[in-house]
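Subject: Structure handover

Hello,

Here is the structure I promised to pass on. Please open it first, then read my notes below.

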Amino acid sequence: MKISTTALPSGEKIPTFGIGTWRMGEQRAHRRAETDAVRLAIDLGVTLIDTAEMYGDGHAEEIVGEAIRRRRDGLFIVSKVLPSNASAKGTITACDRSLKRLGIDCIDLYLLHWPGSHPLAATIGAFEELRTRKKIRHWGVSNFDLPDMKELSALVPGAACASNQVLYNLARRGIEHSLVPWSLARGMPIMAYSPIDQARLLSHRSLKAVATSLNATPSQVALAWLLRQPATIVIPKATDPDHLRENLGSLGIALTDQALRDLDRAFPPPRGPVPLEVL
Ligand SMILES: NC(=O)c1ccc[n+]([C@@H]2O[C@H](COP(=O)([O-])OP(=O)(O)OC[C@H]3O[C@@H](n4cnc5c(N)ncnc54)[C@H](OP(=O)(O)O)[C@@H]3O)[C@@H](O)[C@H]2O)c1
């Protein structure tokens, strides 16, 4: 099944379906299975891989590095700097460490993991320097609510920030009120993390009923619903190969008008401003 694309503010197209790697690299005994999971995703056509220096204390980046060795071309690698490291100098050295663990020369999209105490201008200055030195191609943010985005856009031209990675799924629709429209108006895609709410969504009765009516699974419906939203990228994490295959099956699910109405009833959109939820 073909993965569709969405445009970054620069105009570059990136896939709307990728994989996450949080909780990978935490246990040595799982390392082989986790590396195999990333490899399988690439074999099945996934090219966007999301990781972070925080995950497994750097071991998740090593797993991604191992999985993409000798096949880096055509992949879009996303990683993140910890806010505690995001000073002017600290961002550069954190990026160098991530590049080493990933075994690559350049990260495609480098994000500030969440707003921290270092001045945003210092982090952005470092991102721009990394871009000039061709160690990253794009930069962006994560867990930024609307006031954070407004602060950011006062510092840099609108198109400089490539994306905001935030918690977004059927059960967490608060961002639809203002953060999503604000971002889309600036051509900035939303990268939806925990798109199946870390599997908690899958036992929801109404979601199961909609899935049954479509001859699909709850995970496929939850992901297909996000993929219908404009300029939205999903990054489900799956170490289990059956989960990965199942999630890729979301690409072929067409949600009917009735299914969309049922989902809206079970998971209502926000009626007013809602602060960004964070995991
Ligand atoms: N920027 C941030 O602050 C932030 C925060 C959270 C997450 N993220 C990123 O977003 C990615 C995805 O979010 P997430 O890992 O929190 O949650 P998620 O993708 O919503 O859920 C992952 C969990 O669901 C299970 N799962 C996956 N597909 C399944 C299926 N079809 N049926 C049943 N269970 C299934 C996985 O199990 P198995 O692994 O056993 O297959 C795993 O336990 C992360 O990995 C990370 O890269 C970013």
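I start at Pro269, which counts as exposed because it has 9 C-beta neighbours inside 10 Å, and a residue with 12 or fewer is classed that way. Keep in mind that this is a predicted model.

Pro269 sits in the segment after α10. Leaving aside residues up to four places away in sequence, Pro269 touches Arg173, Glu176 and Asp264. Gln258 is eleven residues from Pro269 along the chain. The C-alpha atoms of these two are separated by 16 Å.

Ala254 is another exposed residue, with 9 other C-beta atoms within 10 Å. Look for Ala254 in the loop between α9 and α10 (257–266). Ala254 and Ala216 are 38 residues apart in sequence. In space, their C-alpha atoms are 10.0 Å apart.

Now the ligand. The shell around the ligand holds 27 residues. Gly20, Trp22, Tyr193, Lys237 and His243 come nearest. By class, the shell has ten nonpolar, twelve polar and five charged residues. Which helix gives the most to this shell? That is α9, residues 241–248, with three residues.

An α-helix has 3.6 residues a turn, so residues three or four places apart point the same way.

Helix α7, residues 205–213, packs with α8 at an angle of about 90°. Their axes are 8 Å apart. The two helices are therefore roughly perpendicular to each other, since angles of 65 to 115 degrees are put in that class. From α7, the contact takes in Leu207, Lys208, Val210 and Ala211. From α8, Pro218, Gln220, Val221 and Ala222 meet them. That contact has six nonpolar residues, one polar and one charged.

Best wishes

Key:
Residues are numbered from 1 along each chain as its sequence is written. This is a predicted model: local features need pLDDT of at least 70, side-chain atom pairs count only at pLDDT 80 or more; totals for chains, interfaces and linings use all residues. A residue is near a molecule or strand if its C-beta atom, placed from the backbone, lies within 6 Å of it. Helices (H or I, at least four residues) and strands (E, at least two) are DSSP runs, numbered from the N terminus. Ala, Val, Leu, Ile, Met, Phe, Trp, Tyr, Cys and Pro count as nonpolar, Asp, Glu, Lys and Arg as charged, and the others, Gly among them, as polar. A residue is buried if 20 or more other C-beta atoms lie within 10 Å of its own, exposed if 12 or fewer, and partly exposed in between; C-beta atoms are placed from the backbone. Axes are lines fitted to C-alpha atoms, for helices over the stretch in contact, and angles run from 0 to 180 degrees between N-to-C directions. Angles under 35 degrees count as roughly parallel, over 145 as roughly antiparallel, 65 to 115 as roughly perpendicular and the rest as oblique. Two residues are in contact if their C-beta atoms, placed from the backbone, lie within 7 Å.
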